[in-house]
Amino acid sequence: MARAWAAEHGHFLPPATAVGEGGFPIGVWAKNQRAAARKALLNAERRAAGENVPVAAGEMSESRLEALEAIDPGWCPLGWDVAWQRCFHLARAHVEAGGTLPTAGGELIVQGEDLGAWTAAQRTGWDKLKPAQQWLLETTLGLEPAPAEEVPARPSRDDKWRLNITAARQFHAREGHLRPARKHVEVVDGTPVKLGSFLDNTRRRADKLTPQRRADLDALGMRW
(Lines give C-alpha, C1' and ligand atoms only; values in the text may rest on other atoms or scores of the structure.)
Protein backbone atom coordinates (compact mmCIF):
# COMPACT_ATOMS: atom_id res chain seq x y z
CA MET A 1 0.00 0.00 0.00
CA ALA A 2 2.83 2.42 0.84
CA ARG A 3 4.62 1.70 -2.43
CA ALA A 4 1.41 2.16 -4.41
CA TRP A 5 0.60 5.45 -2.70
CA ALA A 6 4.13 6.78 -3.24
CA ALA A 7 4.09 5.71 -6.90
CA GLU A 8 0.87 7.63 -7.46
CA HIS A 9 1.76 10.79 -5.52
CA GLY A 10 5.54 10.93 -5.91
CA HIS A 11 6.23 10.71 -2.17
CA PHE A 12 5.15 8.87 0.95
CA LEU A 13 3.89 11.77 3.06
CA PRO A 14 0.14 11.15 3.09
CA PRO A 15 -2.08 13.31 5.31
CA ALA A 16 -3.75 11.49 8.18
CA THR A 17 -7.05 11.49 6.25
CA ALA A 18 -5.60 9.76 3.18
CA VAL A 19 -7.24 6.51 2.11
CA GLY A 20 -5.61 3.94 -0.15
CA GLU A 21 -6.87 1.15 -2.33
CA GLY A 22 -9.82 -0.73 -0.89
CA GLY A 23 -10.41 1.96 1.74
CA PHE A 24 -7.18 1.18 3.59
CA PRO A 25 -6.39 4.09 6.00
CA ILE A 26 -2.93 4.70 4.61
CA GLY A 27 -2.67 8.13 6.29
CA VAL A 28 -3.31 6.78 9.78
CA TRP A 29 -1.02 3.80 9.12
CA ALA A 30 1.79 6.12 7.98
CA LYS A 31 1.31 8.30 11.07
CA ASN A 32 1.65 5.24 13.33
CA GLN A 33 4.75 4.07 11.47
CA ARG A 34 6.37 7.49 11.87
CA ALA A 35 5.75 7.37 15.61
CA ALA A 36 7.39 3.94 15.80
CA ALA A 37 10.32 5.08 13.65
CA ARG A 38 10.92 8.19 15.73
CA LYS A 39 10.89 6.10 18.89
CA ALA A 40 13.47 3.75 17.36
CA LEU A 41 15.70 6.61 16.20
CA LEU A 42 15.50 8.38 19.55
CA ASN A 43 16.37 5.21 21.43
CA ALA A 44 19.25 4.53 19.03
CA GLU A 45 20.67 7.97 19.82
CA ARG A 46 20.37 7.29 23.56
CA ARG A 47 22.13 3.94 23.19
CA ALA A 48 24.89 5.56 21.16
CA ALA A 49 25.32 8.03 24.02
CA GLY A 50 25.92 5.14 26.42
CA GLU A 51 22.48 4.72 27.96
CA ASN A 52 21.19 1.23 28.63
CA VAL A 53 17.88 1.46 26.77
CA PRO A 54 16.01 -1.82 26.24
CA VAL A 55 14.06 -2.39 23.05
CA ALA A 56 10.64 -0.89 23.71
CA ALA A 57 7.24 -2.00 22.50
CA GLY A 58 6.24 -0.08 19.43
CA GLU A 59 9.84 0.57 18.41
CA MET A 60 10.29 0.02 14.67
CA SER A 61 12.79 -2.60 13.58
CA GLU A 62 15.74 -1.60 11.45
CA SER A 63 14.55 -3.72 8.52
CA ARG A 64 11.13 -2.01 8.46
CA LEU A 65 12.76 1.40 8.76
CA GLU A 66 14.96 0.60 5.78
CA ALA A 67 11.99 -0.66 3.77
CA LEU A 68 10.11 2.61 4.23
CA GLU A 69 13.20 4.74 3.58
CA ALA A 70 13.63 2.85 0.31
CA ILE A 71 10.17 4.09 -0.71
CA ASP A 72 10.84 7.72 0.31
CA PRO A 73 13.94 8.81 2.26
CA GLY A 74 12.02 11.79 3.66
CA TRP A 75 8.96 9.86 4.77
CA CYS A 76 9.68 10.46 8.49
CA PRO A 77 10.95 14.03 8.97
CA LEU A 78 12.72 14.74 12.25
CA GLY A 79 12.54 18.17 13.81
CA TRP A 80 9.47 19.42 11.95
CA ASP A 81 6.04 18.11 11.01
CA VAL A 82 5.08 16.00 8.05
CA ALA A 83 2.84 18.73 6.61
CA TRP A 84 5.88 20.97 6.10
CA GLN A 85 7.80 18.11 4.53
CA ARG A 86 4.91 17.33 2.17
CA CYS A 87 4.65 20.94 0.97
CA PHE A 88 8.40 21.16 0.55
CA HIS A 89 8.44 17.99 -1.53
CA LEU A 90 5.59 19.20 -3.74
CA ALA A 91 7.23 22.59 -4.18
CA ARG A 92 10.54 20.96 -5.08
CA ALA A 93 8.87 18.68 -7.62
CA HIS A 94 7.15 21.70 -9.17
CA VAL A 95 10.42 23.63 -9.45
CA GLU A 96 12.34 20.64 -10.81
CA ALA A 97 9.66 20.26 -13.49
CA GLY A 98 10.41 23.81 -14.63
CA GLY A 99 7.69 25.60 -12.71
CA THR A 100 7.93 28.80 -10.73
CA LEU A 101 6.63 29.11 -7.20
CA PRO A 102 3.95 31.79 -6.77
CA THR A 103 4.20 34.40 -4.06
CA ALA A 104 0.54 34.53 -3.06
CA GLY A 105 -2.06 32.03 -1.95
CA GLY A 106 -4.58 30.46 -4.29
CA GLU A 107 -2.34 30.49 -7.37
CA LEU A 108 -0.99 26.93 -7.18
CA ILE A 109 -2.84 24.06 -5.49
CA VAL A 110 -1.13 20.66 -5.69
CA GLN A 111 -2.58 17.56 -3.99
CA GLY A 112 -4.73 19.87 -1.88
CA GLU A 113 -1.81 22.00 -0.69
CA ASP A 114 -1.73 25.74 -1.41
CA LEU A 115 1.93 26.09 -2.36
CA GLY A 116 1.65 29.83 -2.92
CA ALA A 117 0.43 30.42 0.63
CA TRP A 118 3.03 27.96 1.95
CA THR A 119 5.86 29.71 0.10
CA ALA A 120 4.77 33.12 1.39
CA ALA A 121 4.57 31.77 4.94
CA GLN A 122 8.12 30.40 4.75
CA ARG A 123 9.52 33.73 3.62
CA THR A 124 7.67 35.84 6.19
CA GLY A 125 8.25 33.33 8.99
CA TRP A 126 11.90 32.65 8.13
CA ASP A 127 13.24 33.32 11.62
CA LYS A 128 10.93 30.65 13.07
CA LEU A 129 12.34 27.92 10.82
CA LYS A 130 15.08 25.55 11.86
CA PRO A 131 18.49 26.06 10.22
CA ALA A 132 18.05 22.83 8.25
CA GLN A 133 14.72 24.03 6.88
CA GLN A 134 16.24 27.37 5.88
CA TRP A 135 19.05 25.53 4.11
CA LEU A 136 16.59 23.32 2.19
CA LEU A 137 14.54 26.32 1.10
CA GLU A 138 17.60 28.28 -0.03
CA THR A 139 19.48 25.53 -1.83
CA THR A 140 16.56 23.60 -3.31
CA LEU A 141 13.85 26.18 -3.95
CA GLY A 142 15.91 29.35 -4.14
CA LEU A 143 13.80 31.03 -1.47
CA GLU A 144 15.04 33.86 0.71
CA PRO A 145 13.56 35.58 3.77
CA ALA A 146 11.08 38.32 3.00
CA PRO A 147 12.25 41.93 3.42
CA ALA A 148 11.46 43.35 6.84
CA GLU A 149 8.74 45.59 5.40
CA GLU A 150 6.87 42.52 4.08
CA VAL A 151 6.87 40.68 7.39
CA PRO A 152 3.57 41.41 9.15
CA ALA A 153 3.92 42.97 12.57
CA ARG A 154 2.85 40.80 15.45
CA PRO A 155 -0.50 41.96 16.82
CA SER A 156 -0.37 43.62 20.22
CA ARG A 157 -2.40 42.42 23.17
CA ASP A 158 -4.81 45.27 22.59
CA ASP A 159 -5.18 44.25 18.94
CA LYS A 160 -5.96 40.68 19.98
CA TRP A 161 -8.52 41.86 22.51
CA ARG A 162 -10.26 44.05 19.93
CA LEU A 163 -10.48 41.12 17.52
CA ASN A 164 -11.80 38.77 20.21
CA ILE A 165 -14.42 41.19 21.53
CA THR A 166 -15.53 41.89 17.96
CA ALA A 167 -15.99 38.14 17.47
CA ALA A 168 -17.97 37.95 20.71
CA ARG A 169 -20.25 40.80 19.67
CA GLN A 170 -20.75 39.28 16.24
CA PHE A 171 -21.67 35.91 17.73
CA HIS A 172 -24.02 37.52 20.26
CA ALA A 173 -25.77 39.60 17.59
CA ARG A 174 -26.40 36.50 15.50
CA GLU A 175 -27.20 33.91 18.19
CA GLY A 176 -28.67 36.08 20.94
CA HIS A 177 -26.33 34.69 23.61
CA LEU A 178 -22.64 34.29 24.38
CA ARG A 179 -22.43 30.56 24.97
CA PRO A 180 -20.45 29.15 22.03
CA ALA A 181 -19.03 25.64 22.11
CA ARG A 182 -15.52 25.50 23.51
CA LYS A 183 -14.06 24.76 20.07
CA HIS A 184 -16.22 27.27 18.22
CA VAL A 185 -14.38 29.43 15.69
CA GLU A 186 -15.93 32.74 14.71
CA VAL A 187 -14.75 34.31 11.46
CA VAL A 188 -14.34 38.10 11.56
CA ASP A 189 -13.62 39.73 8.21
CA GLY A 190 -11.95 36.55 6.99
CA THR A 191 -9.93 36.04 10.18
CA PRO A 192 -10.72 32.91 12.23
CA VAL A 193 -11.10 33.61 15.95
CA LYS A 194 -11.17 30.81 18.54
CA LEU A 195 -14.02 32.40 20.42
CA GLY A 196 -14.81 29.44 22.67
CA SER A 197 -11.22 29.18 23.87
CA PHE A 198 -10.97 32.94 24.32
CA LEU A 199 -13.99 33.00 26.62
CA ASP A 200 -12.75 30.04 28.66
CA ASN A 201 -9.34 31.64 29.11
CA THR A 202 -10.91 34.97 29.99
CA ARG A 203 -12.95 33.37 32.78
CA ARG A 204 -9.78 31.94 34.29
CA ARG A 205 -8.12 35.37 34.47
CA ALA A 206 -11.24 37.40 35.20
CA ASP A 207 -9.53 39.07 38.18
CA LYS A 208 -6.92 40.56 35.82
CA LEU A 209 -9.39 42.24 33.47
CA THR A 210 -9.81 45.99 33.42
CA PRO A 211 -13.25 47.24 34.53
CA GLN A 212 -14.00 48.31 30.95
CA ARG A 213 -13.19 44.92 29.45
CA ARG A 214 -15.27 43.14 32.05
CA ALA A 215 -18.14 45.55 31.40
CA ASP A 216 -17.89 44.90 27.64
CA LEU A 217 -18.36 41.17 28.26
CA ASP A 218 -21.07 41.69 30.88
CA ALA A 219 -23.03 43.62 28.24
CA LEU A 220 -23.05 40.47 26.13
CA GLY A 221 -24.28 38.25 28.95
CA MET A 222 -20.92 36.71 29.78
CA ARG A 223 -21.23 33.78 32.17
CA TRP A 224 -18.41 34.03 34.70
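1. Helix axes are lines fitted to C-alpha atoms, over the stretch in contact in the case of helices, and the angles between their N-to-C directions run from 0 to 180 degrees. Keep that in mind as you look at this predicted model, where local features need pLDDT of at least 70, side-chain atom pairs count only at pLDDT 80 or more, and totals for chains, interfaces and linings use all residues. Residues are numbered from 1 along each chain as its sequence is written, and side-chain values use heavy atoms, with hydrogens and water left out.

2. Let's start with the overall layout. The protein has nine helices and four strands; helices (H or I, at least four residues) and strands (E, at least two) are DSSP runs, numbered from the N terminus. Reading from the N terminus, the order is α-α-α-α-β-β-α-α-α-β-β-α-α.

3. Next, the overall dimensions. The protein has a radius of gyration of 23 Å, whereas a compact globule of 224 residues would have one near 17 Å. Here the radius is taken over C-alpha atoms, and the globule rule is 2.2 Å times the number of residues to the power 0.38. Along the principal axes, the C-alpha atoms fill a box of roughly 65 × 45 × 45 Å.

4. How much of the protein is buried? Buried residues make up 37% of the 224 residues, where buried means under 20% relative accessible area, exposed means over 50%, and partly exposed lies in between (1.4 Å probe, protein chains only). Of the contacts with a separation of 6 or more, 43% are between residues 24 or more positions apart.

5. Now look at how α4 meets helix α5 (residues 115-124): the two pack at an angle of about 110°, with their axes 10 Å apart. That angle makes α4 roughly perpendicular to α5. The angle classes are under 35 degrees for roughly parallel, over 145 for roughly antiparallel, 65 to 115 for roughly perpendicular, and oblique for the rest. On the α4 side, the contact is made by Trp-84, Cys-87, Phe-88, Leu-90 and Ala-91, while α5 brings Leu-115, Trp-118 and Gln-122. These residues divide into seven nonpolar, one polar and no charged. For that count, Ala, Val, Leu, Ile, Met, Phe, Trp, Tyr, Cys and Pro are nonpolar, Asp, Glu, Lys and Arg are charged, and the others, Gly among them, are polar.

6. Stay with α4 (residues 82-96) for a moment, as His-89 is placed in this helix. His-89 counts as buried, at 14% relative accessibility. What does the side chain of His-89 reach? It reaches the backbone oxygen of Gly-10 at 2.8 Å. Leaving aside residues up to four places away in sequence, His-89 touches Gly-10, His-11 and Leu-13.

7. The loop between α4 and β1 (109-110) holds Leu-101, and Ala-97 lies in this loop too. Is each one buried or exposed? Leu-101 is buried, with a relative accessible area of 13%, whereas Ala-97 counts as exposed at 69%. Not counting residues up to four places away in sequence, Leu-101 touches Ala-91, His-94, Val-95, Thr-119, Leu-141 and Leu-143. For Ala-97 and Gly-190, which are 93 residues apart along the chain, the C-alpha atoms are separated by 34 Å.

8. One backbone detail deserves a look: Gln-111 is not a glycine, although it has a positive phi of about 50°. Gln-111 lies in the loop between β1 and β2 (113-114), and at 40% relative accessibility it counts as partly exposed.

9. Finally, visit α9, the helix in which Asp-216 lies. Asp-216 counts as buried, at 18% relative accessibility. A polar contact of 2.8 Å joins its side chain to that of Gln-212. A polar contact is a pair of N or O atoms within 3.5 Å; within protein, one must be able to donate a hydrogen and the other to accept it, and residues adjacent in sequence count only if both atoms are side-chain atoms. Apart from residues up to four places away in sequence, Asp-216 touches Ile-165 and Arg-169.

Methods. Contact means heavy atoms within 4.5 Å.
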